[in-house]
Amino acid sequence: MKTTAFALAFAAIAAAAPATAATPAAEGATVKVTPLGSHDGEFCALDRAMVFEDPDGTRILYDPGRTVRGADDPRLGQIDAVLLTHVHGDHLGDAHTPAANAGECGKPDASVKVTPNSNTVNIVVGKKAKLVVGGEMHGFLAARLKAAGGDPKQVQLLRFGGSAKVGGVAIASVPAVHSNGLDPAFLDDGHAEALKAAGLTAYVGPPGGYVLKFSNSLVAYLSGDTGVTAEQDLVVRRFYNAKLAVINIGGTFTTGPAEAAYVINEMVKPNAVIASHANEAATRNGQLLPETRTAQFGKAVTVPMRVPLSGRTMTFDADAKCLSGC
C-alpha cells in the first residue's frame, strides 16, 4: 500500500509539473546541486553537505555536518527542508567551521562547538525549515528543537517505505547499512555522564538514505553512510529508477571506492554519480588529486563521476546529464 501511494504521489508531481519540465535543456527544468564544504572550490575531508534546488525553487539541505557555518551561513539562502540520515557528529553536526577555508582541506578547523545542541537543529530553527528524519530520531530531535526555540512539529518522521512532499520534491526513505549511535555530547549532563561512564551511546533507531524525485522528473539517490545493501538494487534501482546518485566512498566505516563503484556499476546503475564523504583532501586548486580515493572511485565507475567542489553549483536535467558546473 505504501509503495502504491508513493508511486501515485510521484505521478501527481509529474502531472503538475509545468510544460517546460518536459524539455531538459530548458533552464527551468534543471535541478541545482550546490556542495557546501569547508574550503571554497575544493572537495575536503569533512565535506558532506549539499543543497538541492528544485526547478520550482524548493531548496533542500542534505546532512549539514560540520561545514555549514550555522544558520547564518550566507551560502544557505532559503532552506525549506533539511534531510538528516543519521546522528553521527559529522552529519548531525557537533561543531562547525568558524569561517570559510579555516584550517587545511585535509584537516579543516571545526572549532565552533554546538553541543548539546547541534548544527542541524540550529539551522532548522534559524531557517524555520522542516527536518526530515527516520527511525527513532524524531522524538529526540523534536525535543532538541523545542529546547532551541523551535517548534517540534517542524520534525517530520519518514520511515522506510514512507513518503513525503516538500514543494515540488517527493522524498522517500530507503535503508542504509551503518550505525546510529548518539554521542553523549548531544545529551544533557545527567544522561551524558551516565552513558560516558558506561562506555555507551544512545541509539536512535536505524540510519537511512533518501530518494528524491524533483518536478522535472529527475530521481536522485542520497546514500547517507552505508555499506553494500541489496536495497540499492531492489529498491533504489528497480522501483525508484534513480538516475543520479550521491554515494559515500570513505571506506573503513562505509563503502570505500571499490565497494561504492560496485554499487554504482552493478546495483543502482544511475546515469551519473557525485562522490561524497571521501574523508580526504581530494582536490587542490579545484583539480582532482590522482592518488586519492576519489580518483580511484572515478576510474572504477562506468558513468560520469562529478566532484562536489564547495560552492560550485552543478545543474542536472531529468536524465542526470550535467549541463553546467561539472
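Predicted model: local features only at pLDDT ≥ 70, side-chain atom pairs only at ≥ 80, totals over all residues.
**Entry 1: disulfides**

I looked up the disulfides and found two in the structure. Counting bonded cysteines along the chain, I get the pattern 1-2, 3-4.

**Entry 2: C44 and C105**

I took the pair C44 and C105, where the S to S distance is 2.0 Å. I noted a torsion of -110° about the S-S bond, and this link is left-handed. I then asked which parts of the chain the pair ties together.

I checked burial for both cysteines. C44 has a relative accessible area of 0% and is buried. C105, with a relative accessible area of 14%, is also buried, because the cut-off for buried is under 20%.

**Entry 3: C322 and C326**

I went on to the disulfide between C322 and C326, with S to S at 1.9 Å.

C322 counts as buried at 14% relative accessibility. C326 is at 47% and counts as partly exposed, because exposed would need over 50%.

**Entry 4: helix α4**

I turned to helix α4, which covers residues 137-147. I listed its buried residues: M137, F140, L141, A142, R144 and L145. An arginine, R144, is in that list.

Next I asked which elements the buried residues of α4 pack against. Two helices come up, α2 (89-93) and α3 (119-127). I also wrote down the strands β9 (130-133), β10 (155-157) and β13 (181-182).

I then read past the end of the helix. G149 follows α4, and its phi is positive, near 95°.

**Entry 5: annotated domain**

I checked the UniProt record for a domain. The entry is unreviewed and lists "domain: Metallo-beta-lactamase" for residues 58-273. I recorded the distance between the end C-alpha atoms of residues 58-273, which is 22 Å. I also noted the secondary structure of this span, which is 25% helix and 25% strand.

Methods: Residues numbered from 1 in each chain as written. Heavy atoms only, no water. Buried < 20%, exposed > 50% of the residue type's maximum accessible area, 1.4 Å probe, protein only. Helix = DSSP H or I, 4+ residues; strand = E, 2+ residues; numbered from the N terminus. Contact = heavy atoms within 4.5 Å. UniProt positions renumbered as here; feature names shortened; annotations may be inferred. Disulfide = S-S within 2.5 Å.
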